[in-house]
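I opened the model and kept a notebook as I went. The entries follow in the order in which I looked things up.

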Amino acid sequence: MSFSVSKKVLAAAALALAVVTTAACSGSGGGASTGGASAGGKVTIRWSTWGSADDVKLYKGFNDDFMKRHPNIVLKLESVPKYEDYHPKLLTQLTSKTAPDVFFVGDDHIGKFVAAGVLAPLNDKLSGADSKSRPEDFFDGVYGGAKKDGQIYGVPNDTNPEVLWYGKKALKAAGITEDPAELNAAGTWTMAKYVEMNAKLKAAGKGGSIFWNWYGSTYSVIGGFGGKVWDGGRFVATTDPKSRKALETLAKGYADKTFLSADVLPAGNGAETRFLKGDAGFYAGGRWMIDSLRKGGDLANFDIVPFPSETGQPMPGAVAASYLALNKDSKNAKEAFTFLTEFVSKEGQLLRLKGGGAVPSIKGAEQVVLDDNYPAHAQTFLDVRDTGFANYPDEVAVPGLTKEINDHLLKIWTGKIPFERGMTELQSLVDGKIG
């Protein structure tokens, strides 16, 4: 399960959680947050995550397989359905010494947890004889804020690279004859070409692109214009000329409906519905979109392409990630790490990601993405992952900063704040946070 999936699927997980937790806790005596032996000499490892019923259900197979291979360990899964409720609860648990042994942390919160000193450093453990997942098995850019001063505090459990899905029929209806994936293969998929296609879609009475208001889309557009977001610890998105041009293009596009903000679309006619109907040509998202496309039918109509660059050559793209971390105060650190390293290992990811909508974070598990032969350019997910980046460490190191940036940008996108004033206020906001 990835952060990008969880933000968009917020259904209650009570029934599935009850089933999974009961299976995982069979024979368990519960146990305190920091561990302790259960009845019969078994050790209970508590671990937590967020997610919908479908997300949680994907873990049952892994839990069952793990406990068969480790009969001395009982896994107890504790899930919170809503992403926005998860981290406040976890911080409270950590403060009161009642937190699980192992837990997920989102990419926009990991910096806060690292700074708080509540996570166990993992370099030595990952490099040790008992590890099933070495530090070098993961792509460096995906560590994001989970790595500080060379020390790893969280391992990316899976990813969701941000790409542009596009509908071939919608493009054709707008008079667009070029295929974005073919342009990308030829090295001519430029931001200028993408903006041109969006203008043609708008002229044809369609939306050009649908974006969720998060760093993955916004920072990918900035990168596509050749701009920077952070430079030497400074937030430069409002002052770098190319970055400012990218943000102004987004603001104007939202104003004239060339771009649609998925966050404010009505529930009955939301982002995925409009894209599936062909009301927009592009939809920025991850591999999690596959399930919606399968339910909607007409799979051959949709394909993916990376965000375009200024020159047409590949550029680093945004990768949504979440991390599996080890509670520094766990009294069962050995067993907890056994769970962590097997969960994120190649074998663990092949088992638990099969049939899901995420992209493995570890090298060697690419078949999860390629076996389905869908979409036609599925390799793009891997290409973006391999050279991409999780949210900037400078940003995630400041608690709440990403959310405040996104909230402020949404006011600009929806016309509540004029662009020039919005840029001035955004810079002041960030400067005030980073001191």
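**Entry 1: helix H22**

I began with the length of helix H22, residues 419–434. At 1.5 Å a residue its 16 residues should span 22 Å, and I found the end C-alpha atoms 23 Å apart, which agrees. The expected span is 1.5 Å times one less than the number of residues. Helices here are DSSP runs of H or I with at least four residues, strands are runs of E with at least two, and both are numbered from the N terminus.

I noted that this is a predicted model, in which local features need pLDDT of at least 70 and side-chain atom pairs count only at pLDDT 80 or more, while totals for chains, interfaces and linings use all residues. Residues are numbered from 1 along each chain as its sequence is written, and side-chain values use heavy atoms, with hydrogens and water left out.

Which residues of H22 are buried? I listed Phe419, Gly422, Met423, Leu426, Gln427 and Val430. They cover an arc of only 130° around the axis, which puts them on the same side of H22. The arc is that of the directions from the helix axis to the C-beta atoms. Buried means under 20% relative accessible area, exposed means over 50%, and partly exposed lies in between, with a 1.4 Å probe and protein chains only.

On the other side of H22, I found Thr424 and Gly432 exposed. I then looked up what covers the buried residues of H22: the cover includes strand S9 (230–231), strand S10 (234–235), helix H13 (241–255) and helix H21 (401–413). After H22 comes Gly435, and its phi is positive, near 70°.

**Entry 2: a residue in helix H21**

Asn406 has 10% relative accessibility, so it counts as buried. Leaving aside neighbours within four places in sequence, I found Asn406 in contact (heavy atoms within 4.5 Å) with Asn213, Trp214 and Tyr215.

**Entry 3: helix H12**

Tyr215 took me to helix H12, residues 215–224. There 9 of the 10 residues are buried, so H12 is largely enclosed by the rest of the structure. The buried ones are Tyr215, Gly216, Ser217, Thr218, Tyr219, Ser220, Val221, Ile222 and Gly224. H12 is followed by Gly226, whose phi I noted as positive, near 85°.

How many of the residues of strand S7 (residues 163–167) are buried? I got 5 of the 5, so S7 is largely enclosed by the rest of the structure. Both faces are covered: Val163, Trp165 and Gly167 are buried on one side, Leu164 and Tyr166 on the other.

I looked up the pairing next; two strands pair if DSSP finds at least two bridges between them. S7 pairs with strand S12 (residues 280–285) in the antiparallel sense, over 4 bridges. Tyr166 has Phe282 as its bridge partner in S12. S7 also pairs with strand S13 (residues 302–305), again antiparallel over 4 bridges. In S13, Val305 is the bridge partner of Leu164.

**Entry 4: a residue in strand S12**

Ala284 is buried, with a relative accessible area of 0%. Among the residues that Ala284 touches, not counting those up to four places away in sequence, I wrote down Val163, Leu164, Ile210, Ser217 and Phe307. Ala284 and Ile210 are 74 residues apart in sequence, yet their C-alpha atoms are 6.3 Å apart in space.

**Entry 5: a residue in helix H17**

I then took Gln349, in helix H17 (residues 346–353). With 0% relative accessibility, Gln349 counts as buried. The residues Gln349 touches, not counting those up to four places away, include Phe138, Asn157, Phe343, Pro360 and Val368. Gln349 and Thr311 are 38 residues apart in sequence and 35 Å apart in space, C-alpha to C-alpha.

**Entry 6: the whole protein**

I ended with the totals. The protein has 22 helices and 14 strands. With 435 residues, a compact globule would have a radius of gyration near 22 Å, and the protein has 22 Å, which agrees. This radius is taken over C-alpha atoms, and the globule rule is 2.2 Å times the number of residues to the power 0.38. The C-alpha trace spans about 70 × 50 × 40 Å along its principal axes. Buried residues make up 57% of the 435 residues. Of the contacts with a separation of 6 or more, 75% are between residues 24 or more positions apart.
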